[in-house]
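I opened my notebook to look up how this chain is put together. These are my entries, in the order I made them.

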Amino acid sequence: MSEGVRAMWMRGGTSKGGYFLADELPADRDAFLLAAMGSPDARQIDGMGGADPLTSKVAVVKRSERSGVDVDYLFLQVFVDKPVVTDAQNCGNILAGVGPFAIERGLIAASDGETRVTIYMENTGQTAVATVATPGGRVTYTGDARIDGVPGTSAPIRIAFRDTAGSSCGALLPTGNTVDSIDGIACTLIDNGMPCVVMRADALGITGTENPSDLEANAPLREKLEAIRLKAGPLMNLGDVTDSSVPKMTMVSAAQDGGAVSTRTFIPHRCHKAIGVLGAVSVATACLLPDGPAAEVAKIPAGMQKTLSVEHPTGEMTVLATLDGGEVTETAILRTARKLFDGTIY
């Protein structure tokens with residue numbers, strides 16, 4: 001560790017973290033990453049973490065040996081205040097930086113114009129295809145695409161997801177039900193890339209338009225959500241989730257700014273200032289289940305190709321869902337990324 005490890009720090013979507021080549025990480029990977037981030041410490045003062053789960057993330061990337069796949073991507077969440085590094089979930093925001101990182105590291109040759117990078121997500125065993133802007137055969141981070149939760153504009157990165165249903169839980173609806181009642185609350189237990197418990201905000205005594213800080217200060221709400229989460233874990237084939245970062249807890253209400261639905265999400269103990277990419281995909285899918293609590297408050301557009309604007313505390317995230325026979329067959333999302341530095345971390 002004293003000699004340092006090559007790393008690239010990137011903003012991916014609305015998250016930020018370190019990107020590493022798998023074969024360059026030391027044998028004591030987790031201990032190294034905890035030290036690199038400065039965990040456990042609420043300020044992460046002795047590392048690169050930003051004292052927030054959204055800025056304490058890691059992507060581990062390698063050239064893939066799988067047919068039709070360019071690179072393998074393992075996501076690791078480094079806890080801020082605990083000595084924990086977990087691969088229990090995926091991260092679609094950090095995923096946004098994997099394509100550019102793979103090209104920059106020479107794992108895949110860039111085309112002139114744009115480059116498609118097929119990515120195997122090791123956490124869930126699913127595949128995504130990222131389309132990266134590469135004018136002149138080089139990655140560019142400059143462009144006109146804007147995503148809420150990130151200032152300014154960047155080059156667009158379109159990410160299409162393949163076969164994400166049941167990625168962690170074994171089925172889109174692991175209980176087989178559109179609605180399950182837990183502690184008297186109607187819930188949709190769903191996994192379309194991210195295990196989520198989706199509930200109506202008003203069922204929990206809130207409007208669903210509150211600031212995240214106000215919701216975090218609501219101790220009775222946090223206790224109720226955690227009680228539901230602990231019971232949902234086994235029902236979702238996740239087992240005991242006491243020390244797990246999944247499932248995410250999403251409360252939905254009517255959209256406030258012309259979108260499909262409004263959301264407030266605990267991830268699972270902090271209220272997200274935005275919403276995760278795969279969390280948005282799972283919530284958007286829940287909105288398309290006619291009998292679920294999300295459908296009761298969502299505004300769904302007509303047609304087989306649906307554009308669903310999922311509103312969150314700092315804006316919205318648009319999910320494109322393709323349906324066939326009433327089932328979601330493909331989802332795609334627009335993200336951006338930016339390289340912050342490339343160097344050595346100690």
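**Entry 1: contacts and overall form**

I looked up contacts, meaning heavy atoms within 4.5 Å. Among contacts in the protein chain between residues at least 6 apart in sequence, 61% join residues at least 24 apart. I noted that this is a predicted model, where local features need pLDDT of at least 70, side-chain atom pairs count only at pLDDT 80 or more, and totals for chains, interfaces and linings use all residues. Residues are numbered from 1 along each chain as its sequence is written, and side-chain values use heavy atoms, with hydrogens and water left out.

I counted seven helices and 17 strands in the protein chain. These are DSSP runs, numbered from the N terminus: helices are H or I with at least four residues, strands E with at least two. The radius of gyration is 19 Å, close to the 20 Å of the globule rule for 346 residues, so the chain is as compact as a globular protein of that length. That radius is taken over C-alpha atoms, and the rule is 2.2 Å times the number of residues to the power 0.38. The C-alpha trace spans about 55 × 45 × 35 Å along its principal axes.

**Entry 2: what is buried**

Of the 346 residues in the protein chain, 55% are buried.

How many residues of helix 6 are buried? I found eleven of eleven, across residues 277-287. Among them are Val-277, Leu-278 and Val-281.

**Entry 3: the cores**

I looked for nonpolar cores, which are sets of buried Ala, Val, Leu, Ile, Met, Phe, Trp, Tyr and Cys residues joined through side-chain atoms within 4.5 Å. The largest has 61 residues, and those with the most contacts inside it are Tyr-73, Leu-95, Ile-159 and Phe-161. Helix 6 gives the most to this core, with eight residues. A second, separate core has 20 residues, including Cys-169 and Leu-225.

I then picked out Phe-161. Leaving aside neighbours within four places in sequence, its contacts include Leu-95, Met-121, Val-277, Leu-278 and Val-281.

Which residues of helix 1 are buried? I listed Phe-32, Leu-33, Leu-34, Ala-36 and Met-37. Their cover includes strand 1 (5-12), strand 3 and strand 17 (337-345). Gly-38 follows helix 1, and its phi is positive, near 85°.

Most residues other than glycine have a negative phi, and most peptide bonds are trans. I went looking for departures.

- Ser-39 and Pro-40 are joined by a cis peptide bond, with omega about 0°. Pro-40 sits in the loop between helix 1 (29-37) and strand 3 (57-63).
- Gln-44 has a positive phi, near 50°. Gln-44 is in the loop between helix 1 and strand 3, and is buried at a relative accessible area of 1%.
- Ala-51 also has a positive phi, about 65°. Ala-51 lies in the loop between helix 1 and strand 3, but is partly exposed, at 30%.

**Entry 4: one more cis bond**

I found a cis peptide bond from Ile-267 to Pro-268, with omega near -5°. Pro-268 is in the loop between strand 13 (261-266) and helix 6.

Key:
Buried < 20%, exposed > 50% of the residue type's maximum accessible area, 1.4 Å probe, protein only.
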